[in-house]
Amino acid sequence: MSSNSTESAPGRLGTFAGVFTPSVLTILGIILFLRLGYVVGAAGLGEALIIIAVANLISVLTSFSLAAVATNMKVGGGGDYYLISRTLGIEFGGAIGVVLFLAQSVSIAFYCIGFGEALAAILGLTGHVTVQLIAGTALLFLFLLAWIGADLATKFQYVVMVFLILALLSFYIGGIRQWDSGLLMENWVAKDGTASFWILFALFFPAVTGFTQGVSMSGDLEDPGRSLPKGTFAAVFLSILVYFSVAVVFAASTPLKILVGDYGAMEQIALYGWLISGGVIAATLSSAMASFLGAPRILQSLASDKIFPFLVPFAKGYGASGNPRRGVLLSFGIAAATVLMGQLDLIAGVVSMFFLISYGLLNYATYFEASAESPSFRPRFRWYSKKISLVGALICLGVMLSIDFKTGIAAVAILFAIFQYLKRVAAPARWADSRRSYHLKLVRENLLGAQKVPEHPRDWRPYVLALSNDDEHMAQLLDFSALIEGKSGITTAVRILQARGYRAVKLKADAEKDLARIIYEKESSAFSLVLSSESPTNALTVLCQSFGLGPVKANTVLLNWNEQYVKNDDPVRFHDYQALIRPAVQSGCNIILWDEKERHEVTEDSDKQRTIDVWWQDDDTSRLMLLLAYLITRDDHWEDAQIRLLACYLDRDNEQIMQMLADTLDEYRIQAEPKIILGMNEAVFFKTSGQADLVFLPVSLKNEDALMFGDLRADRLLPGLKSVAMVMAAQKIELDSSPEEGRAGELAILFDELKHAEKRVEAAKKRAQQAAKSATEFIKDADEIQFNDPNLLTHLKEKIALQEKSEEANKKVLKEQAKLKDISQRAKDEGLAVDNEDQ
């Protein structure tokens, strides 16, 4: 086993010292010496090998995930926590960080109790209290080492490595000397199973958890991206070889009953039993030491990220290497409390569940990172597939639930609870993770998917360009746009700067910051966009025609009526906003002019039922206003609002008109109260809608660019209203279209027409072929008739008729092919697949 360096500088470790050694010493620990024999005895060699294989399959698959993600980024301190948090985000990272810290801290006690059992057996002592006292003494010794720092602990590892190698050599030599092939075959299956498969698996699984010890030391590594994959794989594959071979030697040298009843069977098999005792002591102490080094560093990294405010004090480090002494002290306290429990097998099950959760999340995090298909995912580790990580995550989940379903569900629930807590209270993340890349991938896939499906009126959603250069007015537009989105649309806050040159660059940067601030203060979901142009009119024209991506295009421009009253000589402001209406409409965008009085907040709570008036003219503008009014009622503050449909008619047959309006509303599936207004003037208008909380008013542009509601000037109506949205539709709005209507129905008709034309061509070809065949056969028979045959003239007439019939059939083919060609071209133009070029 090679290494770049064991330790190039204080606190900077290489592959061998920083990854391989702590990993392999933790893997080849207490389970190997004190529990593997029991597993073989209780399960039989065959089932024991399956247990070893499944457990190591998890470690191998997770190692692949670890290698991929560790070679794709600069790895900081915190190990698994760092990798998961920088991939899945702050919520998953914080949850798994807590779980990992607890698992590592509990592992310290697990190994110390194992040390206590081993030393008590060597000294001939009995009793749980004795074991606990020995474990507590060992815990105190390891605490002092961890308090001093990683450098001394790393040197301690090499002493342990020597004892471990000697112990294993002694066991292998003793086992080979006692080798009995007949006994090996007899021990393949346990005749009397003393424990179920999953109980034995839970007991054994902590043996393979040590491969992440090197990851936990990532902050102390000189080159984590290179050391983590090399050191982890070397430790895992060496440990697999050792565990399989030791299990076989157990089965070939000792009866199963002895293995089940004697945890110290390895000592009886070894050439020198005292070396096994030394190996047990060394291995348990080194495993506990590795956990003592890993747990505080996970806590330190978690605290440094300031996810949990109460953990921030644990971020402080001491000395040149930043030794996390406060974390060491907390880990010591958790381990001491666990030692007092004193049940090694019980602790093993708990530790197994904790580590399975962390491995499953590490696998899923890597799969998530790879699935985002970000160009930045370029791991130097080439032997990787995201399917490996997905399989690893699923196996971890399945094994966790199989070991103990209730405990597994409880563990997942705890993790989910921490996740939800952080989702609600966590501050913004201090790093970039993979979630944005994943969302962008979904955006691409969904846009491509939407592009393939024909557009339909049922799919219409408000894609709003909220346009204002005034902070206060922009805030009002964002409030109103959030309402008309109806939790289905998208708003983009737009500023158009009338400037050029270097000044435009500076103003644009300032405006972008200003827009971001407004959106943040309003807690709006809007996007932001700043444009600079010498002509706001030209800029808006281009914006309306080009804004969007694929099937998501701007369809509505939202302006503030009061924008014209902003008096400021700053060139970034534009005042003649009415000139922007015409180009926006010509570009196919609906127009909404919003007028809100400062003393009336449309989002404030009120005990009084709100009223929304929609002035109805039974056109596209009216249907757009009615739809927007309905979308507003999706907001929590407006869900009980009453929509009134106000229709102006001179006809006094109110009953018939009311029924027509009621049928229209029923057809549109919108709850509203229809009301007929007879005669219209300013007094009637104010009497009807003067107290409404929100009024939708249809307007149109006259030649002099005056906004009109019928014969009434819009600007004369606004002072008497609380809040009003003046609307002008530039698109066809359908609220009752069936699924078969629209472009999908049109394409279906064109497709049927194409297929019918293809069938007509085929039929014409068959008729032409039949006519040609009949003419050919007749001519062949006619050639045999003699010149003086009395039926010669009749045959000649029939020949001419058949030839003419064949020519007519060929002309019919050409005619039908021409029709098919025309329909095929239309189909191609509409995007339908055509496969009839050969016809």
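Which residues form one aromatic cluster with Phe197?

**View 1. The aromatic cluster around Phe201 and Phe205.** Phe197, Trp198, Phe201, Phe205, Phe211, Phe355 and Tyr359 form one aromatic cluster. This is a predicted model, in which local features need pLDDT of at least 70, side-chain atom pairs count only at pLDDT 80 or more, and totals for chains, interfaces and linings use all residues. Numbering runs from 1 along each chain as its sequence is written, and side-chain values use heavy atoms, without hydrogens or water.

**View 2. A stacked pair, Phe201 and Phe205.** Rings of Phe, Tyr and Trp (its six-membered ring) pair if their centres lie within 6.5 Å; planes under 30 degrees apart are stacked, over 60 edge-to-face, the rest tilted. This rule gives 37 aromatic pairs. Phe201 and Phe205 are stacked because their ring centres are 5.6 Å apart and their planes meet at 25°. Phe201 is buried, at 0% relative accessible area. Phe205 is buried too, at 0%. Buried means under 20% relative accessible area, exposed over 50%, and partly exposed in between (1.4 Å probe, protein chains only).

**View 3. An edge-to-face pair, Phe381 and Trp383.** The ring centres are 6.0 Å apart and the planes lie at 70°, so Phe381 and Trp383 are edge-to-face. Phe381 is buried, with a relative accessible area of 14%. Trp383 is exposed, at 67%.

**View 4. Charges over rings: Lys316 over Tyr318 and Arg610 over Trp638.** A charge sits over a ring if NZ of Lys or CZ of Arg is within 6 Å of the ring centre and within 35 degrees of the ring normal. For Lys316, the charged end is 5.1 Å from the ring centre of Tyr318. For Arg610, the charged end is 4.6 Å from the ring centre of Trp638.
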